[in-house]
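Trainee: I would like to walk through a structure with you, one question at a time. Could you show me the sequence and the model?

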Amino acid sequence: LKQSRRCDLPTMASEDGVVDQVLQIVRSGGPAMLFAANAFAAGFGLPTIPLNIYCGAAYGYVGGVLMYSLSATCGGLVTLLVVRSSLRPFILRRLKKYESKWKAMDMALAKEGPFFIVTLLRLSPAFPFFMASWILGLTSCPLPHFVAGTLVGIIPSSVPFAAAGAAASAAQSSDGSSAGQWIMTGLGLLATVGLTWKLTKVAQKALDSASEEQQHREA
């Protein structure tokens, strides 16, 4: 990734408070700090949208998507490894009432393929990133499939925020943009949002179908 551009865009996320303070630290720490901050936020269920926007503002459309997706995937992997560590017996006891849920997920992974199911989980808005990582940590999902499915599945949801950050950063750094340029940027962003929405609907429908089929098999 190229060196990040100076950008004050993320301060709009919170003029005061924790979010703005975190973004100030990220700006001063460079790409390594941004990667670590987003991995931590994704891995421990903290808000990542401001960081996603900042990735786009600092590294552009493509670079921002890559930075966000790779760091969030690392955060999800950390969560999965924690769940599968020596804490697993404790976690299983605490989540005993949800045992049928992750066992059904385990069976779906075996039937449909782990990469396919992980990708659908990451695309589905019904499963927050952190929660999906925990559930998958309780299953037998192989690590390579978890990493690949997570990376592919979170790219669509990261695109609109990275694109918004990149567009705002370009507007700040330019002397002026024509109305046509703004219209094209707006149309591109709307098309991206529409495509992301469609993908999440398809993913949720596929997950619901797999869940219903599994319930019929168990009945």
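Trainee: What percentage of the residues in the chain is buried?

Mentor: Happy to start there, with a word on the source: this is a predicted model, where local features need pLDDT of at least 70, side-chain atom pairs count only at pLDDT 80 or more, and totals for chains, interfaces and linings use all residues. Residues are numbered from 1 along each chain as its sequence is written, and side-chain values use heavy atoms, with hydrogens and water left out. Buried means under 20% relative accessible area, with a 1.4 Å probe and protein chains only. Of the 219 residues in the chain, the buried share is 40%.

Trainee: How many helices are there in the chain?

Mentor: Helices are DSSP runs of H or I with at least four residues, strands are E runs of at least two, and both are numbered from the N terminus. Read along the sequence, the pattern is α-α-α-α-α-α-α-α. The chain has zero strands, and its helices number eight.

Trainee: Which residue does the side chain of Asn38 make a polar contact with?

Mentor: Asn38 is found in helix 1, and Asn38 counts as buried because its relative accessible area is 0%. Contact means heavy atoms within 4.5 Å; leaving out residues up to four places away in sequence, Asn38 touches Thr48, Leu51, Tyr68, Ser71 and Ala72. A polar contact is a pair of N or O atoms within 3.5 Å; within protein, one must be able to donate a hydrogen and the other to accept it, and residues adjacent in sequence count only if both atoms are side-chain atoms. At 2.7 Å, the side-chain partner of Asn38 is Ser71.

Trainee: Is Thr119 buried or exposed?

Mentor: Thr119 lies in helix 5. Beyond its neighbours within four places in sequence, Thr119 is in contact with Gly149, Val152 and Gly153. Its relative accessibility is 12%, so Thr119 counts as buried.

Trainee: What volume does the second largest pocket have?

Mentor: On a 1 Å grid over the protein atoms alone, a pocket is an open set of points where a 1.4 Å probe fits, with protein on both sides within 12 Å along at least five of seven lines; lining residues have an atom within 4 Å of a point. Points are joined across faces, edges and corners, and a volume is the space filled by probe spheres set on them. For the second largest pocket, that volume is about 520 Å³.

Trainee: Which residues that line the second largest pocket are the closest to its centre?

Mentor: The lining has 25 residues, and helix 1 (18-43) and helix 5 (114-123) are among the helices that each supply at least two. The closest to the centre are Thr48, Tyr68, Pro128, Phe129 and Ser157.

Terms used:
Buried means under 20% relative accessible area, exposed over 50%, partly exposed in between (1.4 Å probe, protein chains only).
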